[in-house]
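User: Got a model here that I'd like to talk through. Can we go over its core and its charged residues?

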Amino acid sequence: MEELQKYKQVFDQFDKSGDGKISRDELETALEQMGMQISPGMMDSAMEELDKDDSGSLNFPEFMEFCQMQPPPNSADALTQAFQALDADGSGFIGKDELRQILEQQGCKVSDNVLDKLVARYGGSDGRISFDEFKNMVQR
């Protein structure tokens with residue numbers, strides 16, 4: 001039941017129009033925000049396979065099927081992909097500026113003081129978060 005609620009929260013977050021469906025554009029935007037680059041052809045194929053009722057959008061059961069096709073969030077590949085998406089400059093670390101950008105994209109305005117505390121807590125004294133530190137943070 002708890003997992004179902006999590007899926008519903010994610011569904012509602014992706015459903016920007018609030019119409020109870022996720023359009024192709026809403027899904028594409030959400031995937032891009034997660035750092036996934038999907039070609040138009042791949043997106044067409046995914047929608048064709050998942051949109052069982054041919055409505056042009058995904059209802060909640062169709063969305064759940066999509067989620068179950070994805071790798072588990074703690075798998076090595078998923079963690080690596082997530083880290084790479086967050087490491088905007090490709091340095092191998094998530095810095096304070098990248099963390100600020102991530103939080104602001106989620107609608108959170110944070111001060112330098114809060115960012116310093118977050119980076120110190122999860123990354124240590126060097127002021128940035130390495131992949132191993134990210135992995136430990138996610139798997140807590």
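Predicted model: local features only at pLDDT ≥ 70, side-chain atom pairs only at ≥ 80, totals over all residues.

User: Let's start inside. Which element gives the largest share of the largest nonpolar core?

Analyst: That core has 16 residues, and Ile22, Leu27, Leu58, Phe63 and Phe66 touch the most other members. The elements giving two or more residues to this core are α1 (2-14), α2 (24-33), α3 and α4 (60-69). The largest share, 5 residues, comes from α4.

User: Now the charges. How many salt bridges does a search of the whole structure find?

Analyst: One of them pairs Arg24 with Asp44, and another pairs Lys96 with Asp112. Searching the whole structure gives 9.

User: Take Arg24 and Asp44: how many residues apart in sequence are the parts this pair ties together?

Analyst: The closest N and O atoms of Arg24 and Asp44 are 2.7 Å apart, and the two form a salt bridge. Arg24 sits in helix α2 and Asp44 in helix α3, so the bridge ties together parts whose separation in sequence is 20 residues.

User: Is Asp44 buried, partly exposed or exposed?

Analyst: Buried would need under 20% relative accessible area, and exposed over 50%. Asp44 has 43%, so Asp44 is partly exposed.

User: What about Lys96 and Asp112, which helices does that pair link?

Analyst: Lys96 and Asp112 form a salt bridge with their closest N and O atoms 4.0 Å apart. The pair links distant parts of the chain, 16 residues apart: Lys96 is in helix α6 (residues 96-105) and Asp112 is in helix α7 (residues 112-123).

User: And where do Asp132 and Lys135 lie?

Analyst: These two make a salt bridge as well, with the closest N and O atoms of Asp132 and Lys135 at 4.0 Å. Asp132 is partly exposed at 49% relative accessible area, and Lys135 is partly exposed at 28%. They're 3 residues apart, about one turn of the helix, and both lie in helix α8 (residues 131-138).

User: Last one, on the surface. Is Asp54 buried or exposed?

Analyst: Asp54 belongs to a negative surface patch along with Glu48, Glu49 and Asp53. Its place is in the loop between α3 (40-50) and β2 (57-58). The cut-off for exposed is over 50%, and Asp54 has 67% relative accessibility, so Asp54 counts as exposed.

Conventions: Residues numbered from 1 in each chain as written. Heavy atoms only, no water. Patch = residues over 30% accessible without salt bridge, like charges linked within 9 Å, V, L, I, M, F, W, Y side chains within 5 Å. Areas by Shrake-Rupley, 256 points an atom, 1.4 Å probe, with all protein chains shown as cover. Salt bridge = Lys/Arg side-chain N within 4 Å of Asp/Glu carboxyl O. Lys, Arg positive; Asp, Glu negative; His and termini not counted. Charge placed at Lys NZ, Arg CZ, Asp CG, Glu CD. Helix = DSSP H or I, 4+ residues; strand = E, 2+ residues; numbered from the N terminus. Buried < 20%, exposed > 50% of the residue type's maximum accessible area, 1.4 Å probe, protein only. Core = buried A, V, L, I, M, F, W, Y, C linked by side-chain atoms within 4.5 Å.
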